[in-house]
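Work through the exercises below with the sequence and the model open. Try each task before reading its solution.

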Amino acid sequence: MNKYICVHGHFYQPPRENPWLEEIEIQDSAFPYNDWNERITAECYYPNSASRVLDDQGRIRAIMNNYGRMSFNFGPTLLSWLKRKSPEVYQAVLDADGESQARFSGHGAAIAQVYNHIIMPLANDRDKRTQVIWGIKDFEHRFHRFPEGMWLAETAVDTATLEILAEYGIRFTILSPYQARRVKFSSASDWQDVSGGRVDPKKPYWISLPSGRKIAVFFYDGGLAMETAFGDLLKDGNRFTHKILSAFSPEHSPQLVHIATDGETYGHHHKFGNMALSFLLQNHQIKPTVYAELLERFPPQAQVEIHENSSWSCGHGIERWRSDCGCRIGGPTKVNQQWRAHLRQAMDGLRDQLSGIYEKEMTGLLPDPWKFRDDYIALILNREERYAQEFLQTAAGRRISPEEKVKILRLAEMQRHALLMYTSCGWFFDDISGIEPAQIMQYAGRAIQIAREISGQDLEEPYLTILSRAKSNNLQMEDGRKIYEAYVKPAMIDLVNVGVHYAISSLFQKYPRVAKIYAYTVKNEIYHKVEFGRQCLLIGKARVKSEITHHELAVDFAVLHFGDYNLSAGGRLHGPDTAFEDMRRKLELLFRKNNIPGLVHAINQSFGEKSYSLWDLFKNEQGKAVEHIFEYTLKDIESKFREIYNQYYPLMQVQRNIRMSLPKALAVTVEFVLVRDLCDLLEKETENVERLTVLVAEMNRWGFTRDKDRISLIATRRLDAMMRRLFDSFGDVVLLETITAYMRILSGLKLDWDLWRPQETYFKIGKKLYHIMKEKEKYQDETVIRWLKAFDQLGGLLHVRICP
């Protein structure tokens, strides 16, 4: 077969973690998900790991892992998040690469990416190298092989970057056709100008570098990629496939048609785009391949020169990340983007100052600080304390003290954040007030904080002076300084803040003696709690330790909780034990005397001017605390609603029978009770088909639909849990019949099911058991007959067909 197709997906999300917590806090714009990583995983990364292929009747006939049949790269920071938050998707990505090697002549589907998606031509040589080294080492750690290719952020390229790729063994990269300048087909032929996207994308090229090295490059089909990403090709798998096939010429020589887009195109930007991709990849008229396999079979015959400082997403080269070039996402045409230059200037100035502090403070600690930074990726990938100790001693060539260990790790983290603050998304969008610029400012803020704590040098004001020139189009935000003050300063914490968070949150959730709170461990050493009614006084001491830098301090705390959302808290570094005991006795005496004003004053006096409230909890924990506070209130409201419901239900029945609409107060009461009962039933681990039948009939009788989204979500989770139990039970017939009954009954509510995971589980069960059951059917086994009947009925409800 001479028709080769390669679809490359650049799967990437910018690092979104709070730099102090190493976790992504809730992002309201991603609702109903916690954050955009979680949302895009549900819409794209997971569906591509278990994509549907439909039959002529629209039923699922196959489920395939798209990653194993395409070329792809995943951003290292995204893979790190997937490993922690969505391990099954993470494993599916790794498995796909392993399986693809058998399909593609020993070459894997995955390629590497520069570590945190910085614009390489705008980086200095030292940062370029670290990005490539970290990208390679991260890839090797996860995929257990060396990457043959590497994706450049925004395909931004210059010769210096290509030199570094080739130096470290990277064989190829992928660029836009508009980045090709001229080509030469033999040493004797003349150069041909191919500017403006006129390069032939059906073949690979090689670039001759000043060092004498070579690197291969593939220029994807720009028109096809554009139509795939921004057109409507992915609405129909047939249309998508036909469009790809039409790109081949009639000649019989080997041909390559390939496209490269954001991986999120397949599912996030275009719903069900993953299914159109699956339809293409299982077409028998073409042979899916990957770039490394093509290099082996068809080595480049032509030489190419690139446009220096070019990219795939800026028509002006790389100006989108350093000037007001006019490239934007959308919205008003007259927007100020001069902020990009000032943000770049602020980051560059900060980077250079941080480099000086790093070199100075590392003097005497390590023989080669910059080599250590390149090697630090090993510790990022393995934060175990024992490993860190061995790693640091090897780097130092001697035994190091605990204080030296902490200092080295803090300086390394300062440099890690100095790299993260260059993540390209900070400049990509239309205004500096967006979440992406604020995110990279947070990384800068963390680096500034570490530099100040270690060296005593405060880099914040010079940085903010430049940021103040970066004017926002958002009049409320004004400029970069105001954005920093609004989103970075409040996020800055230290170990005392963590200790106070532990104290406040312990009022609303139970912790073990040694608790993990984000990137910290908190060891409870003293925890003294006194309660009068709903009021509570908590006094204690905890040892707080960063799991990243191993920096550790003892923290005293006190919290006065008034029983609702009002509380007053303080924290400080632990001093002499006698001073702590004196404070504890004083505060407890005032509390027992019910001298609340005096107690608040004493807390402020003991802990200084900085006081804490419920709103000083870390963002994700605030909601949990509020839910706990409202728990008693909601129980009281529910009790009263049920009392009204039980007392007036006969009257409501009469009104219903004579076709009178319920008064609004009673309608709200009935709906509240029925929805609460239905949700409670669906959240129980044991199923009750009879009770479910009654509740659904009642809801349909009264015509209540306002909580449909909530019921759909809970019902989907229940179905998913039941299907997983069915898979683990090897097809329990009673459970199978119960699941079928639940789905049939709930279908009466016309819910918006998310059936993706239940369908996948059903398909796995069918592949494992269905043919066995069909074989046993001939023996007229009653259990087998029941199983097949219920399984077929469930398949109809799930729209899945299992071929015997």
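## Exercise 1: Helix H18

What covers the buried residues of helix H18 includes helix H16 (435-455) and helix H17 (460-467); contact here means heavy atoms within 4.5 Å. Helices (H or I, at least four residues) and strands (E, at least two) are DSSP runs, numbered from the N terminus. The model is predicted: local features need pLDDT of at least 70, side-chain atom pairs count only at pLDDT 80 or more, and totals for chains, interfaces and linings use all residues. Residues are numbered from 1 along each chain as its sequence is written, and side-chain values use heavy atoms, with hydrogens and water left out.

Task: Find which residues of helix H18 are buried, and describe how they are arranged around the axis.

Solution. 
- Step 1. Locate H18 at residues 480-487. Gly480, Ile483 and Tyr484 are buried there. Buried means under 20% relative accessible area, exposed over 50%, partly exposed in between (1.4 Å probe, protein chains only).
- Step 2. Look down the axis of H18. The buried residues fall within an arc of 100°, so they line one face of the helix. The arc is taken from the directions from the helix axis to the C-beta atoms.
- Step 3. Check the start of H18. A side-chain oxygen of Asp479 comes to within 3.0 Å of the backbone nitrogen of Arg481.

## Exercise 2: Salt bridges

Solution. 
- Step 1. A salt bridge is a side-chain nitrogen of Lys or Arg within 4 Å of a carboxyl oxygen of Asp or Glu. The whole structure holds 67 of them.
- Step 2. Take Asp138 with Arg142, at 2.7 Å from N to O. Asp138 and Arg142 are buried.
- Step 3. Take Glu461 with Arg481. Their closest N and O atoms are 2.6 Å apart. Glu461 is partly exposed, because its relative accessibility is 43%.
- Step 4. Take Arg691 with Asp677, at 3.4 Å from N to O. Arg691 is partly exposed at 36% relative accessibility, whereas Asp677 is buried at 15%.
- Step 5. Salt bridges link Glu581, Asp582, Arg584, Arg585, Glu588 and Arg592.

## Exercise 3: Backbone exceptions

Solution. 
- Step 1. Recall the background. Most residues other than glycine have a negative phi, and most peptide bonds are trans.
- Step 2. Go to Pro32. The bond from Phe31 to Pro32 is cis, with omega near 10°. Pro32 is in the loop between strand E1 (3-11) and helix H1 (36-49).
- Step 3. Go to Thr155. Its phi is positive, about 50°. Thr155 is in the loop between strand E6 (150-151) and helix H5 (159-167). Thr155 counts as buried, at 0% relative accessibility.
- Step 4. Go to Asn594. Its phi is positive, about 60°. Asn594 is in the loop between helix H20 (577-592) and helix H21 (596-607). Asn594 is exposed, with a relative accessible area of 52%.

Conventions:
Polar contact = N/O pair within 3.5 Å; in protein donor to acceptor, adjacent residues only side chain to side chain.
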